[in-house]
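Please open the model in your viewer and keep the selection tool at hand. The tour goes from one selection to the next and says what is found at each stop.

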Amino acid sequence: MAWGRSRCVAKYGKLSLVTDAHERSQQIFEASRALMPGGVNSPVRAYQAVGGEPPVIAYGRGPRLTDVDGNEYIDYVLSWGPLILGHAHPGVVEILQRAAERGTSFGAPTELEAEMARLVVQAVPSIEMVRFVNSGTEATMSALRLARGHTGRDLILKFEGGYHGHADGLLARAGSGVATLGLPDSPGVPKAFAEQTLLAPYNDLAAVRAAFTGHPEEIACVIVEPVAANMGVVPPAEGFLEGLREITREHGALLVFDEVITGFRLGSGGAQALFGVEPDLTCLGKVIGGGLPVGAYGGSRAIMERMAPTGDVYQAGTLSGNPMAMAAGIGTLGILGLMTPPGQPANDGSYRKLDDVTKRLADQLAVVARRAEVDVQINRVGSMFTVFFTDEPVRDYAGAKRANTERFARFHRAMLKRGVYLPPSQFEAWMVSLAHTEADVEATVAAAAEALNEVTA
Ligand SMILES: *Cc1c(COP(=O)(O)O)cnc(C)c1O
């Protein structure tokens, strides 16, 4: 089953526009379905919302993926966000090889984690101290525990369509796979936990104020994606983040920015630098792991020192700060141009380039959609965007859910057939990497021009 033995040899470098052979993918996926629920280890990978079966991936190089049947795709999923440099960047591969030779885990302090912590603290305005964990889920879960420990309050407030990982209490009206599969709030979450979560519509400050008025001195924190990306991309309305900062401060609650997607993707300082609003706690993940499993949470020294061993709020991890993961993160941030000596500003050239390429792609997709007379709304912030199949602006979860998911599913299938690998859900963000070129943009737009005709057919 090693990919080297399948037919996918030496096709990298040109885009195969027709992907018709799928026997090997089908065989492997059928076997997987008997062994793992749905054949996958994370629900949206199963293509339930778009129909058909997922290609089984053999390898990735730059902006391209190749499946086990040798079909090649331009990838806009990028492992759901982490791979900002594209697949298997030689610099990241090299640093990983060197790290592996020195041992993959020690459960003891390393210089790599000190270096990674320095990079994060230097880049993210509100972070003075950081703790590394193994996933975004762990980061948000731990940040909430800290917020509760720090304030002595139990309730949290999250937004409809916001996704913060799969911890109990965060699945209430969650985005990402929960939205894609149209699941009710998950069974298995004790009622008593679910009751600790309050909900408000995204971009609705009046609802947030009402929640605080209704629960005086009970809300520990507001957790928010500063740019929502798990109901599809929905930018914060003018004044929304500032309003959250003001309300939480006024009521003695913490503001938690879940920057697991936006951190190091929208800029070195994440969404908080872009919008100029500083949260009390920040959750990171995805890009900071460079494709390995990493999460992190951080904030002011005073709050972070509540964590054990300096404080009494407990959280631990056998593989936390893992040398391989730290190495991949350091490699990724270094190649992005963010590894500058202490006190010097990061070079944001990579982000300008990402923004340029993504803007061209999104603008041209809007043009071909207009030509095909298919109503779409394209929400874009930096190198992530969503094409919503609707004629109304999308400002919140209710708006996102009004999109025509049937049309999206048809579009997804038509694009996949033409060698473009999109997130298999209307409610996810398309990601662009530094490896995507003008030629990739052109090939994608050409594929979309054809695919859009199949959407309404
Ligand atoms: C992906 C994501 C998470 C969860 O991260 P995992 O590494 O999948 O556990 C949390 N918050 C946001 C905003 C995310 O996009």
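Throughout this tour, buried means under 20% relative accessible area and exposed over 50%, with partly exposed in between, using a 1.4 Å probe and protein chains only. The model is predicted, so local features need pLDDT of at least 70 and side-chain atom pairs count only at pLDDT 80 or more, while totals for chains, interfaces and linings use all residues. Residues are numbered from 1 along each chain as its sequence is written, and side-chain values use heavy atoms, with hydrogens and water left out.

Begin with Ser-350, which lies in helix α12; helices (H or I, at least four residues) and strands (E, at least two) are DSSP runs numbered from the N terminus. Ser-350 counts as buried because its relative accessibility is 13%. Show its contacts (heavy atoms within 4.5 Å), and you will find Ile-335, Leu-336, Gly-337 and Leu-434, leaving aside residues up to four places away in sequence. A polar atom of the Ser-350 side chain lies 2.6 Å from the backbone oxygen of Leu-336, a polar contact, that is, a pair of N or O atoms within 3.5 Å where, within protein, one must be able to donate a hydrogen and the other to accept it, and where residues adjacent in sequence count only if both atoms are side-chain atoms.

Centre the view on Phe-411, which touches Phe-389, Leu-422, Trp-430, Ala-448, Ala-451, Leu-452 and Val-455, not counting residues up to four places away in sequence.

Now turn to the ligand. Which residues are around the ligand? With a heavy atom within 4 Å as the criterion, they are Ser-135, Gly-136, Thr-137, Tyr-163, His-164, Gly-165, Glu-225, Asn-230, Asp-258, Val-260, Ile-261 and Lys-286. The shell divides into three nonpolar, six polar and three charged residues. Oxygen atoms of the ligand lie 2.8 Å from a backbone N or O atom of Gly-136 and 2.6 Å from a polar side-chain atom of Thr-137, and a nitrogen atom of the ligand is 2.6 Å from an N or O atom in the side chain of Asp-258. Taken alone the ligand exposes 380 Å², of which the protein buries 83%, with areas from the Shrake-Rupley method and a 1.4 Å probe.

Then select Met-231, in the loop between β7 (219-224) and α8 (240-250). Met-231 is buried, at a relative accessible area of 0%, and among the residues that it touches are Glu-160, Tyr-202, Phe-388, Asp-396 and Phe-427. The C-alpha atoms of Met-231 and Asp-396 are separated by 8.1 Å, although the two residues are 165 apart along the chain.

Finish with the backbone. Most residues other than glycine have a negative phi, and most peptide bonds are trans. Tyr-47, in the loop between α1 (23-35) and β1 (57-61), has a positive phi of about 65° and counts as buried at 2% relative accessibility. Asn-203 likewise has a positive phi, of about 70°. The peptide bond from Ala-308 to Pro-309 is cis, with omega near 10°, and Pro-309 is found in the loop between α10 (301-304) and α11 (323-336).

Definitions and conventions: Ala, Val, Leu, Ile, Met, Phe, Trp, Tyr, Cys and Pro count as nonpolar, Asp, Glu, Lys and Arg as charged, and the others, Gly among them, as polar.
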